[in-house]
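Have the structure open while you read.

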Number of protein chains: 2
Amino acid sequence: MPSQFGQFCPIALASEVLTQKWMLLVLRELNAGATRFNEIRRGVPRISATLLKQRLLQLESAGIVTRRPVGADGHEAYILTEAGAELKPILSAVGTWGQRWARDIEREDLDPAWLVWAMHRRIDTAAMPQGRTVLALHFVDAPAHHRLFWLVCEHPRVEVCIKPPGFDDTLRVETDVRTMAEVWRGIRPIGQALSEGSLTIEGPSALVGQAPGWFLLSVFSETKRADCR
Amino acid sequence: MPSQFGQFCPIALASEVLTQKWMLLVLRELNAGATRFNEIRRGVPRISATLLKQRLLQLESAGIVTRRPVGADGHEAYILTEAGAELKPILSAVGTWGQRWARDIEREDLDPAWLVWAMHRRIDTAAMPQGRTVLALHFVDAPAHHRLFWLVCEHPRVEVCIKPPGFDDTLRVETDVRTMAEVWRGIRPIGQALSEGSLTIEGPSALVGQAPGWFLLSVFSETKRADCR
DNA sequence: CGGTATCCCCCGCGATACTG
DNA sequence: CAGTATCGCGGGGGATACCG
């Protein structure tokens, strides 16, 4: 796609690559440390495999991504180049603006599977007890197949399961998707959700008190929304 | 267009508006101080009127732009809201990245009319002699109807003419489009272009020496390209 | 100047099925 | 797991003409 805008302005040239559909979300995943094809897809579940591959090729030819052979299989990992790493200020600026000014969350935005995937990257495993901690997440208002998830945490790794992982639950979190989403976004304080009863944590009382601190929430959660004026 | 990406991530929500085609360029113009419909169009000449209007409506409904009645005619001016003003870090980050890492300038990017329009916003009229200064720009390799432009400068205003403005030229600049573009981008030092002879300035020798300083160049011109390694 | 209205084409993209 | 192949449609957007 040569010269989409007919300008040599750096913003126009950068736009050609960066404003393609799904592109910023793919870059967000790569920036968050995703390297494998399906790892990226889990963070951008609504993109088709065909289109994701196409986007990755575009990123490669733009010098933003490189492929590196990995492991024993013939497959490869996608790595950000130096040019890709320098996209971080853009993602940060877009996220900050979105946190402050973007539209409110709609029904269709509330994908519980994506929420859990986002949460699993932001768990403070160092603050957890030694050994394995299993957090069961129960979204009371989600469709049956998206109602239950488990976060299996063993410092420093966190794994997402959609079936019982075979270990006892350490704690059980029960909430609705919107509450958890707003807590994750930093729009609603977790303490408020707890005292309202829209989010409950069950388990050994010593751990129940610590658990809210294990959730590090979105990287933009500290940025305050602007329309509260 | 509700929930294009099915995520409540702030980057995804911001993307819905910001990554529409032409959107960043329209915002660049608004951020540069353009307020009228056709003023924006001159900075984004390849967008159709229909689509520009559509984009402006989207910006309005996203809370990024407001319309304000202006002057005697029934028309209006487009003004950035506070949310729109806070997009500046995004434009800045995208431009900086583009300056460092975006693809090289192609033939079709080299629109001399756009170049002159970009330049006219970045003229240091305060450094010019008192009264009116007329700069004639001659692009030797441009198609006939885009070969000659005039910048009529009278502090602090600069006007672009595509026909002889009716005043004597103070100075005459002769160059090819690519040279002027690369100088404007800060990729090639103007001194180098002058000594190579790919850019010449003719007129009273006292003014010829000052003239290179009148061109403030792109706001990203100080950012160095990265692939010089 | 600042738009509308209309037409129509193309291709971006989603969906589905299949492979090494 | 990491893709490829194919099909088909929808609508985004370019072009052109028109208007107050």
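What follows covers the interface between the chains, then the aromatic pairs.

First, the ground rules: this is a predicted model, where local features need pLDDT of at least 70, side-chain atom pairs count only at pLDDT 80 or more, and totals for chains, interfaces and linings use all residues. Residues are numbered from 1 along each chain as its sequence is written, chains are lettered from A and ligands numbered from 1 in the order in which they are written, and side-chain values use heavy atoms, with hydrogens and water left out.

**The interface**

Counting contact as heavy atoms within 4.5 Å, 56 residues of chain B touch 56 residues of chain A. The two chains bury about 5200 Å² between them, 68% of it on carbon and sulfur atoms; buried area here is the accessible area (1.4 Å probe) that two parts lose on being put together, summed over both. On the chain B side, B:Phe8, B:Ile11 and B:Trp97 lose the most area to chain A, together 17% of what that side buries.

The rule finds four salt bridges across the interface, each a side-chain nitrogen of Lys or Arg within 4 Å of a carboxyl oxygen of Asp or Glu. One of them joins B:Glu16 to A:Arg103, with the closest N and O atoms 2.9 Å apart.

Which elements of chain B give two or more residues to the side that touches chain A? They are helices H1 (10-18), H2 (23-31), H5 (82-85), H6 (88-101), H7 (112-120) and H8 (177-185) of chain B, where helices (H or I, at least four residues) and strands (E, at least two) are DSSP runs, numbered from the N terminus. H6(B) brings the largest share, 11 residues.

**Aromatic pairs**

Over all chains the count comes to 10 aromatic pairs. Rings of Phe, Tyr and Trp (its six-membered ring) pair if their centres lie within 6.5 Å, and planes under 30 degrees apart count as stacked, over 60 as edge-to-face and the rest as tilted. Here are two of the pairs:

| Pair | Centre distance | Plane angle | Type |
|---|---|---|---|
| A:Phe8 and B:Trp114 | 5.2 Å | 85° | edge-to-face |
| A:Phe139 and A:Phe149 | 5.9 Å | 70° | edge-to-face |

A:Phe8, B:Trp114 and B:Trp184 form one aromatic cluster.
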